[in-house]
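Try each task before reading its solution.

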Amino acid sequence: MSILVVGSVAFDSVETPFGKGDDVLGGSATYFSTAASFFDEVRLVAVVGEDFPSEHLEFLRSRNIDLSGLQVVSGKTFRWKGSYGYDLNEAQTLETHLNVFESFAPQLSPAHREANFVFLANIDPELQLQVLQQVDKPQLVACDTMNFWIEGKKEALLETLKRVDIFLINEGEARQLSGEPNLMKAAAKILAMGPETLVIKRGEYGVLMFREHSVFAAPAYPLESVFDPTGAGDTFAGGFMGYLASTKNLTDSGLRQAIVFGSVMASFNVEDFSLNRMRSLRYSDIEDRYRKVKLLTDFEGL
């Protein structure tokens, strides 16, 4: 059993009210892979330029992430620059340089095609469809997207949604895609587009999961210090998919546990810039925080 992720590996330059990081390791596939690697084997498919340093490759390999699908091509690695105010739920993009990522065309090896769990990170939905055309018979497919693709590639995104099991987006994107300001109505419309499960990420306000006959809400773990929310959504997805892949429990109960593990991983990620907190994280820390999140909503019934 393994998890296949297709997405971006990038350099980020981020400034928040609590500090900044220049040309730090980032990218949707990077955050996802690192979080998921605490639970199961991960195969990463992405592209970087010749300027990508070996120390970053060594870090990813140290997490037992398979990099056979990471293309190194002539040119510069994807770069993103952004800033956050005191409202850390919303980033302001200052610069985006796609560089080698602009011509990225994922080609899956036979091993990649056999992946049981597939995560299509936040990339062009036309590329997401290309990946889905190459995989064999995955047990579970999940995908993410963003407002840029909802606005500019909506038809391709709708085609992708017909072929995925789980769709993860934030609440602003849910409203944008559905045209509904109310999240309950928005969720019903999006579920009708194809996915069996919709996960709406709400930052510091937690997570909502919608299925045909159930709704589940999980709180965000309360933190005293939040330094950098970049990659929190991808880290959430990594913890979520990683736990599902490790347990193979795709019941409603299993999905609820996976939601909490995703929230826990995101809570660690925002405690430092880039993937710095992930470097020192231990699985025992994850289990301990999972138990603490459970206590947040533990109360007696009537």
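The radius of gyration used below is taken over C-alpha atoms, and the globule rule is 2.2 Å times the number of residues to the power 0.38. Please keep in mind that this is a predicted model.

**Exercise 1.** Work out how the radius of gyration of the chain compares with that of a compact globule.

*Solution.* Step one: for 302 residues, the rule gives a value near 19 Å. Step two: the chain has 18 Å, which agrees with a compact globule. Of the 302 residues, 55% count as buried. Among contacts between residues at least 6 apart in sequence, 65% join residues at least 24 apart. The chain holds twelve helices and 13 strands.

**Exercise 2.** Find which residues of helix α7 are buried, and decide where they sit around the axis.

*Solution.* Step one: α7 spans residues 171–178, and its buried residues are E171, E173, A174, L177 and S178. Step two: these residues cover an arc of only 160° around the axis, so they lie on the same side of α7. Step three: recall the helix geometry. An α-helix has 3.6 residues a turn, so residues three or four places apart point the same way. Step four: look for the cover. It includes the helices α5 (147–152), α6 (154–161) and α8 (183–191), together with the strands β10 (166–170) and β11 (197–201).

**Exercise 3.** Inspect what caps the N-terminal end of α7, and what follows the helix.

*Solution.* Step one: at the N-terminal end, N170 is the cap, with a side-chain oxygen 3.1 Å from the backbone nitrogen of G172. Step two: after α7 comes G179, which has a positive phi, near 75°.

Technical notes: Residues numbered from 1 in each chain as written. Predicted model: local features only at pLDDT ≥ 70, side-chain atom pairs only at ≥ 80, totals over all residues. Heavy atoms only, no water. Buried < 20%, exposed > 50% of the residue type's maximum accessible area, 1.4 Å probe, protein only. Helix = DSSP H or I, 4+ residues; strand = E, 2+ residues; numbered from the N terminus. Arc of directions from axis to C-beta. Contact = heavy atoms within 4.5 Å. Polar contact = N/O pair within 3.5 Å; in protein donor to acceptor, adjacent residues only side chain to side chain.
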